[in-house]
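Here are some notes for a colleague who is meeting this structure for the first time. Please read them with the model open beside you.

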Amino acid sequence: LEIYNNEGFDLLDPEHETKSIEDLRRVTLMEDDEGNIHLRNLTTHRANNEEEALNLLFLGDTNRMIAETPSNLASSRSHCIFTIFVQANKPGTDIVRRTKVHLVDLAGSE
């Protein structure tokens with residue numbers, strides 16, 4: 001998820017590579033009847049190993065909005081959130097463990 005000028009964009013949307021930012025679908029916050037927050041127009045992608053997860057991270061980073069500043073020639077102009085969902089099944093049992101990790105990069109925080 002990229003947040004640029006107070007609007008959300010899916011960095012893994014295939015259209016990100018062919019459209020200008022003005023023409024991309026916006027990711028919007030939605031709240032259900034139980035008060036849970038959902039992100040509309042944000043895709044999820046399955047990664048079966050570390051390499052696949054890193055490739056998704058690198059693709060998203062490539063699609064970020066960047067611009068030159070006096071202190072950095074390729075400064076990020078947006079906030080970025082990369083969320084990793086991990087699920088582990090214990091062999092021979094019905095035990096499933098799940099966790100979620102958010103990696104956050106704030107604009108201009110380099």
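1. In this predicted model, the lining of the largest cavity divides by class into two nonpolar, two polar and three charged residues. The residues concerned are Phe9, Asp10, Asp13, His16, Leu24, Arg25 and Asn41, and the charged ones among them are Asp10, Asp13 and Arg25.

2. The volume of this largest cavity is about 30 Å³, and a search through the whole structure gives one cavity of 30 Å³ or more.

3. The largest pocket, by comparison, has a volume of about 1,100 Å³. It is lined by 34 residues, of which Thr44, His45, Thr83, Ile84 and Phe85 are the closest to its centre. By class, this lining comprises 17 nonpolar, 10 polar and seven charged residues.

4. Which elements supply at least two residues each to the lining of the largest pocket? They are helix 1 (50–62), strand 7 (79–89) and strand 8 (96–105), and strand 7 gives the most, contributing eight residues.

5. A separate point concerns the hairpin formed by strand 3 and strand 4. Strand 3, covering residues 28–31, pairs with strand 4, covering residues 37–40, in the antiparallel sense, and the pairing runs over four bridges. Within this pairing, methionine 30 stands opposite histidine 38, which belongs to strand 4. Five residues lie between the two strands of the hairpin, where glycine 35 takes a positive phi near 85°.

Conventions: Residues numbered from 1 in each chain as written. Predicted model: local features only at pLDDT ≥ 70, side-chain atom pairs only at ≥ 80, totals over all residues. Heavy atoms only, no water. Pairing = 2+ DSSP bridges. 1 Å grid on protein atoms, 1.4 Å probe; cavity = no way out; pocket = protein on both sides within 12 Å on 5 of 7 lines; lining within 4 Å. Points joined across faces, edges and corners; volume = space filled by probe spheres on them.
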